[in-house]
Amino acid sequence: MTKKLGVLIIHGMGRPAPDYADKMIGNLSLRLGAHVAEVEFESCHWSPVIQKHQDRIWERVAPSHMNPMTTALRTWAVHYLGDPATYLSGYFQNGKPIYREIHEKVRQSLERLAGRLGEADSKPLVILAHSLGSIIITNYYWDEGSNGIGLTPFERLETLTGLITYGSPISIFLPPVSKIMCIRFPSVNLPPHLLNVASWLNVYDRDDIVASPLNNVWDDAQGTVIKDAEINVGNPVVSWTPLAHTYYNNDPDFLDLVQMKMNTILDAV
């Protein structure tokens with residue numbers, strides 16, 4: 001069956017395994033039923049760009065006298081809080097800012113997805129971006145898509161039809177400028193039949209302390225409309241705590257929202 005839709009998944013901060021998205025892809029595939037044959041999935045595993053650096057730093061700064069609790073908390077700080085700090089720092093690695101190295105990982109993932117999708121420049125793309133991944137993909141869209149490292153329309157996100165951010169800390173990382181501007185989504189190059197179904201869905205849990213609604217945080221939205229959707233993620237033990245931040249990927253309510261968006265786009269195609 002001809003592939004009709006590409007889906008890219010981008011993880012947030014931390015040290016996920018290379019197969020971090022496999023369970024999520026499996027759950028979405030079950031929900032899609034026969035339509036799954038029309039969808040091609042790809043996950044972007046960008047954390048190795050900074051992981052070796054964080055491991056080296058930890059070996060140098062970890063004092064041997066710390067108790068287990070302090071060790072665990074410091075490890076979390078280096079390997080989790082260190083991700084956004086390193087991504088946004090502007091430090092150079094191999095002659096490039098770190099964020100460009102990570103954006104190149106995004107481009108490579110799009111390239112692989114396009115290769116399996118076939119004729120990708122004419123096919124819609126859905127991106128699922130968790131936590132820091134939402135910062136990465138919106139920066140990529142702004143800096144690297146139209147004018148940067150994207151080599152094809154697909155890599156430049158010109159066919160991006162569904163953007164789903166979840167557990168997003170975008171409101172925390174907005175720059176201290178006099179006029180906060182949103183990305184202009186969707187692309188002006190998106191075909192009319194896809195333009196009719198293009199949308200940015202921002203999913204959040206009110207107990208997730210880093211996530212928030214996004215539609216009203218801009219001074220200039222540039223015509224972009226963000227639909228904020230509040231859900232309750234996680235099991236009863238953690239759903240009311242900040243740990244909800246880590247439970248979106250395989251939450252049934254979240255997966256239902258993703259499935260509905262994918263089906264809408266497939267129907268339009």
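Helices (H or I, at least four residues) and strands (E, at least two) are taken here as DSSP runs, numbered from the N terminus. The model on screen is predicted, so that local features need pLDDT of at least 70 and side-chain atom pairs count only at pLDDT 80 or more, while totals for chains, interfaces and linings use all residues. Residues are numbered from 1 along each chain as its sequence is written, and side-chain values use heavy atoms, with hydrogens and water left out.

Begin by selecting the strands of the open sheet, where 6 strands follow one another in the order 2-1-5-6-7-8 with parallel pairing; two strands are taken to pair if DSSP finds at least two bridges between them. Strand 2 (39-44) and strand 8 (226-230) stand at the edges with a single partner strand each, so one side of each is left without a neighbour in the sheet. Direction ignored, neighbouring strands of this sheet are turned by 15 degrees against each other on average, the axes being lines fitted to C-alpha atoms (for helices over the stretch in contact) and angles running from 0 to 180 degrees between N-to-C directions.

Next, select strand 6 (residues 160-166), which pairs in the parallel sense with strand 7 (residues 199-204) over 5 bridges. Within this pairing, T165 has N202 of strand 7 as its bridge partner. Strand 6 is mostly covered, with 7 of its 7 residues buried, where buried means under 20% relative accessible area, exposed over 50%, and partly exposed in between (1.4 Å probe, protein chains only).

**Two residues with positive phi**

Move to the loop between strand 5 and helix 5 (132-145), where S131 is placed. S131 is not a glycine, yet its phi is positive at about 50 degrees, and at 3% relative accessibility this residue counts as buried. Then select L157 in the loop between helix 5 and strand 6; its phi is near 65 degrees, a positive value in a residue other than glycine, and L157 is likewise buried, with a relative accessible area of 1%.

**Salt bridges**

The structure holds 12 salt bridges, each defined as a side-chain nitrogen of Lys or Arg within 4 Å of a carboxyl oxygen of Asp or Glu. Select K3 and E40 to see one of them, with the closest N and O atoms 3.5 Å apart. Because E40 lies in strand 2 and K3 in the segment before strand 1 (5-10), the pair ties together parts that are 37 residues apart in sequence. E40 is buried at a relative accessible area of 14%, whereas K3 counts as partly exposed at 23%.

Select K4 and E38 next, whose side chains meet in a salt bridge of 3.2 Å, N to O. K4 lies in the segment before strand 1 and E38 in the loop between helix 1 (22-32) and strand 2, so this pair ties together parts that are 34 residues apart in sequence. K4 counts as partly exposed at 29% relative accessibility, while E38 counts as buried at 10%.

For a further pair, select R31 and D256, where the side chains meet at 3.0 Å, N to O, in a salt bridge. Since R31 lies in helix 1 and D256 in helix 8 (residues 252-268), the pair ties together parts that are 225 residues apart in sequence. R31 is partly exposed, with a relative accessible area of 28%, and D256 is also partly exposed, at 32%.

**A surface patch and a cis bond**

Now show the surface and select L88, I172 and F173, which make a nonpolar patch of about 260 Å². Patches are made of residues with over 30% relative accessible area and no salt bridge, like charges being joined within 9 Å and nonpolar side chains (Val, Leu, Ile, Met, Phe, Trp, Tyr) within 5 Å; accessible areas come from the Shrake-Rupley method with a 1.4 Å probe, and for residues only the protein chains shown count as cover. L88 has its place in helix 3 (residues 68-89) and counts as partly exposed at 43% relative accessibility.

Finish at the peptide bond from F185 to P186, which is cis, with omega near 0 degrees; P186 is placed in the loop between helix 6 (170-173) and helix 7 (192-195).
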